[in-house]
Amino acid sequence: MKKLVALLLAAAMAVATLAGCGSDNKSGSDDKGTTAAAAETKADDGGAEETKAAESLAGEVSSNGEKVKMGILIWGTTDALGRNSTMMVEKLVKQVEGEVVIDSNATSPETQIQSAENLIAGGCNCILIVNYSDTMLPKLAQICQDNEVYFGLQWRKVVSDEIAAELEKCEYFVGNTCEDEQEISRRLATNLSKGGAKKIGMIGRAVGDTTHDARWAGVVEVCESTDMELVAEYRGQGAASAAETMEAVEKFIAGNPDLDAVFLTGGTASQLEGALAALDKHKKRGEIKLAVVDFIDADLMKEYLEDGTLFSIAGGHYVDPIFTAAMLINAVEGNRLSEKPEQIDLQFIDFQSYEDAVNYYQYVENDADGVYAYTEEELGQMIKSLNPDLTIDSLRATAAAYTIEDVMTRHGN
């Protein structure tokens, strides 16, 4: 019977008084596991007229009547990437008057499985996940298949050919959106080499994290093809704390007095804070070049690019989840864009100057003025019940076109 497992779990969860989609409904939020639930979007007094207008626009293509309830599995929503990515997905789901539930409690592949079961038990009919590894995906696929729940990946690709082949057989897997992690690290490392870097130290997550493995490989590739040498490295079990990063960079400097570059495969605020503390202690800020993947606070980024603290930084991929979420919404509504899982590719945006950052934070991710890469009208065009001309190819083309210049052109700037 459809969603039998979900019903059993729901009963257990009800006894435990869990809220929302099977998540702890705590006040506040932090990166270690607060779950926030988005309230169901209600139509205002003009909702009926808007709905009729949307149905008229859709013509013969329309929703099958099932309301979208999307569960999002993510590390947290307090950092800029987590916050704005989920905010944009909420805006997308709002176009079909659906509901979003965010679960940031899972901190391992195993707990992600439990969180997915909780989301399904709470009535979610699609799941958007940033998976910690490939290895948990077959189990997730089986759970979603058994419960007839669609799922897709954000910021991730399936690295294992064997697991990818297995997922191809799951009719409820819509696909993924990802960036070329190896390409962006090659790009930043190449910039370092061209900028004169010879000795580089690198900090990343433990082997097995597919994203950080790919970023690491890109830097190694550049070192092998240039005279830049990887002389020191640190790989932690998770995102390194400020203290861990500071200690690692200090060891890099102590062991390599001629160190002239540090590469952070994941530049969270705490990691950059730790790296800078080490550089300041040894009076090396601005002398040792810093290259970072993942954007930090906007004002700090502009300051650090202007004063030379940062040599280069890449990010801008907060829009990534929108495209997998669009595939999920269309599938739930009975308008699946492809009979097979699809991968949508997105480019990172990288900065090497203060001017790059100014343009980005004015036109692409402007929290102060509520200006983002896609307007709500543009988001609606990613849903077939609102845009009958939508295809998987046109959705893919929208993602491929994403640049600062693309956003400025679309928005008339």
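My cut-offs are under 20% relative accessible area for buried, over 50% for exposed and partly exposed in between, with a 1.4 Å probe and protein chains only.

**Ground rules.** I am working with a predicted model, where local features need pLDDT of at least 70, side-chain atom pairs count only at pLDDT 80 or more, and totals for chains, interfaces and linings use all residues. Residues are numbered from 1 along each chain as its sequence is written, and side-chain values use heavy atoms, with hydrogens and water left out.

**Salt bridges.** I searched the whole structure and got 21 salt bridges, each being a side-chain nitrogen of Lys or Arg within 4 Å of a carboxyl oxygen of Asp or Glu. Glu247 pairs with Lys251, with 3.4 Å between the closest N and O atoms. I place both in helix α9 (residues 242–255), four residues apart, about one turn of the helix. Helices (H or I, at least four residues) and strands (E, at least two) are DSSP runs, numbered from the N terminus. Lys251 is exposed, at 54%.

**Helix α7.** Glu183 bridges to Arg187, their closest N and O atoms being 2.8 Å apart. Why are Glu183 and Arg187 separated by about one helical turn? Because they are four residues apart in helix α7. I noted a general point here: an α-helix has 3.6 residues a turn, so residues three or four places apart point the same way. Glu183 is partly exposed at 26%, and the buried residues of α7 include Ile184, Leu188 and Leu192. The helix (residues 181–194) has 14 residues and reaches 20 Å from its first C-alpha to its last, close to the 20 Å expected at 1.5 Å a residue; the expected span is 1.5 Å times one less than the number of residues. Just after α7, I found Gly196 with a positive phi of about 105 degrees.

**Positive phi elsewhere.** Most residues other than glycine have a negative phi, which made me look for exceptions. Glu97 has a positive phi of about 55 degrees and sits in the loop between α3 (80–94) and β2 (99–103). Asp294 has a positive phi of about 95 degrees; its loop runs between β9 (289–293) and α11 (298–307). I also found Asp294 in a salt bridge with Arg215, the closest N and O atoms being 3.5 Å apart. That pair links distant parts of the chain, 79 residues apart, with Arg215 in helix α8 (residues 210–225). Both Asp294 and Arg215 are buried.

I checked Asp320 in helix α12 (residues 320–332). Asp320 is buried yet has no salt bridge, and the nearest side chain of opposite charge, Arg156, is 7.8 Å away. Lys and Arg count as positive and Asp and Glu as negative; His and the chain ends are not counted.

**Cysteines.** Cys178 is buried, at 3% relative accessibility, and Cys223 is buried at 12%. My search of the whole structure found zero disulfides, taken as pairs of cysteine sulfur atoms within 2.5 Å.
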